[in-house]
Amino acid sequence: MRRFSWFNATSLTIGFAFLYLPMVLLVIYSFNESRLVTVWAGFSTKWYGELLRDEAFLDAAWVTLKVGVFSSTLATLLGTMAAYVLVRAGRFHGRTLFSGMIYAPLVMPEVITGLSLLLLFIGIGLDRGVFTIVLAHTTFSMCYVSVVVSSRLTSFDRSLEEAALDLGCSPFEAFRLVTLPIIAPAVISGWLLAFTLSLDDLVIASFTTGPSATTLPIKIFSAVRLGVSPQINALSTILIGIVTVGVITASVITKRAAVAQARDEQAAARTE
């Protein structure tokens, strides 16, 4: 076992400080009384109240949430179907082209993706708004879902499906009753990944949005260009809190599931 040296401790401390110290400062200054974000004038929560009364930020948050839910759901459906075809369909004409089109957004610069979608929407005369952002986010996030789900399908034991088929299930029923519950963690992970990518996207949304739909990253970027306001700090603190609660909740659920699985395995071993 390698010893935990002072060098390792120092490197770890510097690394964590580099990552999290800016966030800590941001959270601290979100409770600053002064409008100047770099001048501490006392503790206050008034900027959170100002944020909740800001209709522009609330509308942008609502648009972002709608786009994230709809686009991640569509991306999960399409990505799961694409992964199933790639893993289970075997060799077919056009497989290389199909897989290349699925995985192209992984390596394609977001500027190129956003510009091409903008030209497409203009060419077909589609008004830009929430619908076009949903289509754009679905296009570039479904490939991530496909990668996650296909990796689970590759290691899936197909004898379980074959047993269900031998017992009288149709292929769709075998997928719904056997395959889908087993790969559900990968599907859920793909949905969460697509939702996170949608919430974080700025470049593609800036190309495909319209005057009636402004996402939260676009709103924050536009506001920061005029100077960082305390409301931005308050909003960022709320987002950090939501992410922290989500990570802790997921860790607790995973830990409890692992403990329950270990307990069941021990009980099964004792019964044998």
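This is a predicted model: local features need pLDDT of at least 70, side-chain atom pairs count only at pLDDT 80 or more; totals for chains, interfaces and linings use all residues.
**Largest pocket**

α1 (6-29), α2 (46-52), α3, α8 (171-200), α10 (216-225) and α11 (230-271) each supply at least two residues of its lining. Helices here are DSSP runs of H or I with at least four residues, and strands are runs of E with at least two, numbered from the N terminus. I noted that α11 gives the most to this lining, with nine residues.

For the term pocket I used a 1 Å grid over the protein atoms alone: an open set of points where a 1.4 Å probe fits, with protein on both sides within 12 Å along at least five of seven lines; lining residues have an atom within 4 Å of a point. I read off about 1200 Å³ of space in the largest pocket; a volume is the space filled by probe spheres set on the points, which are joined across faces, edges and corners. The lining has 28 residues, and L199, L239, I240, I242 and V243 are the closest to the pocket centre. I sorted the lining into 23 nonpolar, four polar and one charged. Ala, Val, Leu, Ile, Met, Phe, Trp, Tyr, Cys and Pro count as nonpolar, Asp, Glu, Lys and Arg as charged, and the others, Gly among them, as polar.

**Second largest pocket**

I found about 170 Å³ of space in the second largest pocket. Its lining includes M101, P105, M108, T139 and C143. α4 (95-107), α5 (110-123) and α6 each supply at least two of the lining residues, and α4 gives the most, with four. The lining holds eight nonpolar, three polar and no charged residues.

**α3 against α6**

I checked the packing of α3 (residues 55-88) on α6 (residues 130-154): the angle is about 40° and the axes are 5 Å apart. Axes are lines fitted to C-alpha atoms over the stretch in contact, and angles run from 0 to 180 degrees between N-to-C directions.

**Record**

I looked up "transmembrane region" in the unreviewed UniProt entry, which lists, among others, residues 67-89 and 101-124. In the model, residues 67-89 are 96% helix and 0% strand, with end C-alpha atoms 32 Å apart. Residues 101-124 are 88% helix and 0% strand, with end C-alpha atoms 21 Å apart.

**Basis**

Residues are numbered from 1 along each chain as its sequence is written. Local features need pLDDT of at least 70 and side-chain atom pairs pLDDT 80 or more, totals for chains, interfaces and linings use all residues, and side-chain values use heavy atoms, without hydrogens and water.

Notes:
UniProt positions are given in the numbering used here, feature names are shortened, and annotations may be inferred rather than shown by experiment.
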